[in-house]
Amino acid sequence: MLEGMASSRCLHVVVAGGGAAATEAVFVLREHGGAQVSVTIVAPEPVAEPRALPVAASFTAGHRAHRPLPELARDLGAGLVGGRVVAVDDRRHRVHLDGGRALAYDALVLAVGAAPRHTIDRALTLFGEAGRVAVDRVLAEQAPIIDFVVPSGVTRTLSLYELAVHVAEDARAREHDVALRVISPERVPAEAFGARAQSAVAELLDDCGVAFEGASSVFEGLDGLLRVNDAATILPGARTVALPVLDGPSLPGVPATAEGFVPVDEHGAVVGMTNVFAAGDATACPLKHVDVACAQAAAVADVLAQRAGVAVTPAPWSPAIREHLLVDHGVGDLTLATGRAADAVATLRAR
């Protein structure tokens with residue numbers, strides 16, 4: 001059982017967050033914990049966001065609406081508290097919320113995510129609704145040059161390739177002559193996915209007329225001009241689109257890296273804390289991806305179910321990633337896998 005918890009009552013778990021990691025933790029806790037676990041969800045927004053919409057949303061239709069958290073909580077038999085976590089009191093087992101409120105817990109799961117940050121003043125940064133608006137602006141302006149930039153430290157890069165391919169296809173359909181380039185710290189496209197995936201993505205970019213400039217970083221000079229590797233200058237007439245950099249939550253009372261992320265062990269326990277766990281983008285794991293978030297959350301939920309007395313054997317989470325590029329370049333969607341499936345897939349599925 002958890003430290004400080006009596007075995008005669010069920011384990012009360014507070015899950016902070018409303019994204020993929022939080023909802024996965026609640027699902028697995030309800031599935032494996034049953035009546036031996038009670039769950040309270042704390043989230044600042046009234047909707048669950050199981051994963052970010054692709055940046056190609058402007059090109060596609062029929063996206064599933066985000067599920068209301070009250071509905072999700074009701075179906076799973078969980079409580080729901082609206083609010084944002086502002087601090088954790090490890091000694092008293094209390095989580096503090098905005099507005100001066102506090103909740104007691106037997107176990108706390110921090111799945112509060114990370115904050116996207118704009119890093120290049122002259123770039124349109126892709127996140128949330130602003131990202132979709134940026135896509136529309138890029139298309140409407142019909143700029144002669146568009147550079148797609150991956151800032152240093154960003155690990156989920158495929159969405160930018162997806163956008164570049166869709167912009168290329170849209171420009172071709174409009175007979176708009178535009179030079180497209182992806183600038184990335186990666187040495188090759190899709191570097192994290194192995195040789196087969198790298199080759200498939202590189203071929204896709206080449207077929208669409210999208211240049212790739214690898215092992216490169218973009219800097220903004222004192223003169224206001226953008227430079228690649230502090231040498232080659234991005235032309236003033238170019239439109240620049242960039243992915244955001246993520247900052248950790250930096251919660252008072254919770255250990256954090258210099259960037260604000262929460263250090264966890266292989267089962268999601270927060271290093272140096274008692275009965276506090278974390279999952280998803282808030283953790284110090286460098287791979288920021290919904291698959292990693294869900295794997296971490298499931299591992300945490302199994303640990304908590306076991307400590308509540310359920311016969312389940314927790315396993316460490318595995319950083320396996322499966323990604324889909326929503327493209328239609330005459331071949332279909334590009335499916336990539338890494339982690340345990342590193343040698344598994346780099347396939348093009350024909351429509």
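## The largest cavity

The largest cavity in this predicted model has a volume of about 60 Å³. The count of cavities of 30 Å³ or more comes to 1. On a 1 Å grid over the protein atoms alone, a cavity is a set of points where a 1.4 Å probe fits but cannot get out, and lining residues have an atom within 4 Å of a point. Grid points are joined across faces, edges and corners, and a volume is the space filled by probe spheres set on the points.

Val138, Leu139, Gln142, Ala143, Ile146, Val167, Asp170, Ala171, Arg174, His176 and Val178 form the lining of the largest cavity. Helix H3 (128-141) and H4 are the elements that give two or more residues to this lining, and H4 supplies the largest share, 4 residues. By class, the lining divides into 7 nonpolar, 2 polar and 2 charged residues (Ala, Val, Leu, Ile, Met, Phe, Trp, Tyr, Cys and Pro count as nonpolar, Asp, Glu, Lys and Arg as charged, and the others, Gly among them, as polar).

## The second largest pocket

About 240 Å³ of space belongs to the second largest pocket; a pocket is an open set of grid points with protein on both sides within 12 Å along at least five of seven lines. It is lined by 17 residues, and the closest to its centre are Thr155, Arg156, Thr157, Glu186 and Ala192. The lining of this pocket has 8 nonpolar, 4 polar and 5 charged residues.

## The chain as a whole

The chain has 6 helices and 23 strands, taken as DSSP runs numbered from the N terminus (helices H or I, at least four residues; strands E, at least two). Of its 351 residues, 48% are buried (under 20% relative accessible area, with exposed over 50% and partly exposed in between; 1.4 Å probe, protein chains only). Among contacts with a separation of 6 or more, 63% come from residues 24 or more positions apart, where contact means heavy atoms within 4.5 Å.

Residues are numbered from 1 along each chain as its sequence is written. Local features need pLDDT of at least 70, side-chain atom pairs count only at pLDDT 80 or more, and totals for chains, interfaces and linings use all residues, while side-chain values use heavy atoms, with hydrogens and water left out.

## Rings and a charge

There is 1 aromatic pair, counted where ring centres of Phe, Tyr or Trp (its six-membered ring) lie within 6.5 Å. The rings of tyrosine 161 and phenylalanine 212 have centres 6.4 Å apart and planes at 55°, so the pair is tilted (under 30 degrees is stacked, over 60 edge-to-face, the rest tilted). Tyrosine 161 lies in helix H4 (residues 158-174) and phenylalanine 212 in strand S14 (residues 210-213), 51 residues apart. Tyrosine 161 is buried at 0% relative accessible area, whereas phenylalanine 212 is partly exposed at 26%.

Elsewhere, the charged end of lysine 288 sits over the ring of phenylalanine 261, 4.0 Å from its centre (the rule asks for NZ of Lys or CZ of Arg within 6 Å of the ring centre and within 35 degrees of the ring normal).

Proline 244 is in the loop between strand S18 (239-242) and strand S19 (245-247), and it is buried at 12% relative accessibility. Not counting residues up to four places away in sequence, proline 244 touches Pro116, Arg117, Thr125, Leu126, Phe127 and Val154.

Glutamate 175 has a positive phi of about 60° although it is not a glycine. This glutamate 175 is in the loop between H4 and strand S13 (179-183) and is exposed, at 75% relative accessibility. Alanine 190 also has a positive phi, near 55°; alanine 190 is in the loop between S13 and helix H5 (194-207) and is buried at 1%.
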